[in-house]
Amino acid sequence: MSNLTVHNAALNRQTGLLRTLVSQDPKLANAADVDGRTPLHWAASSGALDIVRYLLEQHVDVDPRDHSGWTPLMIAVSAGHEDIVRELLGSGADVKITNDKGLTSLHYAASKSRVDIGKLLIARGADINARDKANQTPLHRAATTGSTGFVNILLHPPEGSPKTRLNPGDRVGNTPLHLAMESAHAEAACLLIEAGADRSRENVDGQAPEDVDGVGGQEQRRAKQYVIDRCGKP
């Protein structure tokens, strides 16, 4: 990108330059670069709250999708910019949009353990049980990372919200419990079990959650023993 492009100004948090460029040519506010990203994408990425607010005041498209289907909201969520997430949601950003991999903003929040952001998304109607193209839900993502905080908010959604499905299998039949055990995240596994996750459900390889090889070694053995000590034998 040229140093004087509106996209570069958003990326580098150059509010004055961006304002000047947009005032000279208002169409630049929504202009897409070679990757299909608008200034709002780049401002969401860099955490440039002032620029995000300015662009929203110019009535830019709040949900433009780049060439991979990412929206500014997805980028802000993934980067952990909660203030920008709030601004975008306040301007009507769609929490249910998916990108080319079928991932929603809530999937990214779960992957990065953005608990407070996850609460915001769920409060705005994010689909707790949305499946990506690997057939994984946000609960799969949270279990994989061992984020007990995120697992908890998914297991206890706000009153009136749909309940989180505990045992969905991904494209190879792994449930969230399989993934928690595979990565030796014992506490997350216990939260799932205590919520009613099926310890006997098998994946396509015929493995129950506590039979997966996973990371192996002492860490895996310790995790399995923790689960048995806390939750009993399956």
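Predicted model: local features only at pLDDT ≥ 70, side-chain atom pairs only at ≥ 80, totals over all residues.
Local features require pLDDT of at least 70 and side-chain atom pairs count only at pLDDT 80 or more, whereas totals for chains, interfaces and linings use all residues. Residues are numbered from 1 along each chain as its sequence is written, and side-chain values use heavy atoms, with hydrogens and water left out.

The secondary structure comprises 13 helices and zero strands, where helices (H or I, at least four residues) and strands (E, at least two) are DSSP runs numbered from the N terminus. The C-alpha trace spans about 70 × 35 × 25 Å along its principal axes. Of the 234 residues, 50% are buried; buried denotes under 20% relative accessible area, exposed over 50%, and partly exposed the range in between, with a 1.4 Å probe and protein chains only. Among contacts (heavy atoms within 4.5 Å) with a separation of 6 or more, 68% involve residues 24 or more positions apart.

Helix α12 (residues 186–194) and helix α13 (residues 217–231) have axes that come within 9 Å and cross at roughly 35 degrees. These axes are lines fitted to C-alpha atoms, for helices over the stretch in contact, with angles running from 0 to 180 degrees between N-to-C directions. The crossing of α12 and α13 is right-handed, the near helix being turned clockwise from the far one by less than a right angle. On the α12 side, Ala 186, Glu 187, Ala 189, Cys 190, Leu 191, Ile 193 and Glu 194 take part, and they meet Ala 223, Tyr 226, Val 227, Arg 230 and Cys 231 of α13. The residues of this contact divide into nine nonpolar, no polar and three charged; Ala, Val, Leu, Ile, Met, Phe, Trp, Tyr, Cys and Pro count as nonpolar, Asp, Glu, Lys and Arg as charged, and the others, Gly among them, as polar.

Helix α10 (residues 148–155) has Phe 150, Val 151, Ile 153, Leu 154 and Leu 155 as its buried residues. These pack against α7, α8 (115–123), α9 (138–145) and α12.

One aromatic pair is counted, under a rule by which rings of Phe, Tyr and Trp (its six-membered ring) pair if their centres lie within 6.5 Å; planes under 30 degrees apart count as stacked, over 60 as edge-to-face and the rest as tilted. The ring centres of Trp 70 and Tyr 108 are 4.5 Å apart and the ring planes lie at 40 degrees, so the pair is tilted. Trp 70 belongs to the loop between α4 (49–57) and α5 (72–79), and Tyr 108 to helix α7 (residues 105–111), so that the pair links distant parts of the chain, 38 residues apart. Tyr 108 is buried, at 10% relative accessibility. Separately, Arg 37 lies over the face of Trp 42, at 5.4 Å from the ring centre; the criterion is NZ of Lys or CZ of Arg within 6 Å of the ring centre and within 35 degrees of the ring normal.

Several loop residues were also examined. Asp 100, in the loop between α6 (82–90) and α7, is partly exposed at 42% relative accessibility. Leaving aside neighbours within four places in sequence, Asp 100 is in contact with His 67, Ser 68, Gly 69 and Lys 133. Arg 13, in the loop between α1 (6–11) and α2 (15–24), has a positive phi near 60 degrees. Ser 113, in the loop between α7 and α8, has a positive phi near 55 degrees.
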